[in-house]
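The sequence and the structure are shown first.

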Amino acid sequence: MAKKIFPDILKDPSITPLQSNLNDADSGEVFLVEDRGRRYKLRICDDVAQARYIESNIMKVRSKGVMTHYIGRQGRNLLFEYIPGRDLRKDEDCDTVYKVGQIVGRVHAIKVQRPSDPDAKFHRSLNYLIDQELLDQEDKKKIEENFHRLKPEGKTEYSMDIQDINPSNFRKGDDGQVHLVDEENVIPNLKGYGFIKPFLHWFKDEHKRSFLEGYRSVADDSFFDDRFRQFVQLNYLVIHASKLHKKKRPCNKDLGWLRNLLEETEQQYKVGHRR
């Protein structure tokens, strides 16, 4: 089917960009296209290698029924069914956020191989922030101490994960079903890493409860206790701040949250030692 559709779509000069934060994505641009009365989403990646990587991750999760129907790839172009409806909103109702939690839980059911050096990205990102003088040596010492103190004993669990959970990356169809529409951010990762962004940027307290209830309805969330939440949040803030700065985007908010987290863990550590 993809081979029959692609030639007509790629010759069509009337394809229009989807008005969504997806067009700020790392993997190229996203378009709404029409062919013989049917509508599709076309993602044009930066290169074939990137398209193949995204496709390989799509194939890992497609059986879970959480994503827009994937039709196929031609070169650096990925074609999907277009879902009539709307992107989610920041002030979304709790029932919809519950469904987002279910999507994440189903994605987490897909286990992946643990990286040979899982901490490398964190340490590279931390060194980058030091080199750019966004953090000082005292900050580095506190961060490294917390990293080793909070890190779970034994091997941390890795799975497929959605690393960018925000409203524009999910779509509510006219039938009320919620679909993940940001394919590029479904990747092998530290299980639970993707929780942190919506907990900081999107969810109010009632959203957090609904999200975790939805997650809990399809998966076990006992791994995500307060200590593990702090460990993952430490990872996220260091890596995300570095990523933002490299893109010449403000990272002060992330660094502020990082300092708040260090204060939180320091207070808990002092209380624990007084007992």
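## Helix pair α4 and α5

Helices α4 and α5 are therefore roughly antiparallel to each other, a label for angles over 145 degrees. In this predicted model, α4 (residues 120–131) packs against α5 (residues 137–150) at an angle of about 165 degrees, and their axes lie 10 Å apart. Axes are lines fitted to C-alpha atoms, for helices over the stretch in contact, and angles run from 0 to 180 degrees between N-to-C directions. Helices (H or I, at least four residues) and strands (E, at least two) are DSSP runs, numbered from the N terminus.

From α4, the contact (heavy atoms within 4.5 Å) involves F122, H123, L126, N127 and I130, and from α5 it involves Q137, K140, I143, E144 and F147. Five of these residues are nonpolar, three polar and two charged; Ala, Val, Leu, Ile, Met, Phe, Trp, Tyr, Cys and Pro count as nonpolar, Asp, Glu, Lys and Arg as charged, and the others, Gly among them, as polar.

Three strands form an open sheet in the order β6-β8-β9, with antiparallel pairing; pairing requires at least two DSSP bridges between two strands. The twist from one strand to the next averages 30 degrees.

Strand β8 (residues 170–173) is joined to β6 by three bridges, and K172 in β8 is the bridge partner of R86. Helix α3 (residues 94–108) lies across β8 and β9, at about 40 degrees to β9.

## Basis of the values

Residues are numbered from 1 along each chain as its sequence is written, and side-chain values use heavy atoms, leaving out hydrogens and water. As the model is predicted, local features need pLDDT of at least 70 and side-chain atom pairs count only at pLDDT 80 or more, while totals for chains, interfaces and linings use all residues.

Conventions:
Angles under 35 degrees count as roughly parallel, over 145 as roughly antiparallel, 65 to 115 as roughly perpendicular and the rest as oblique.
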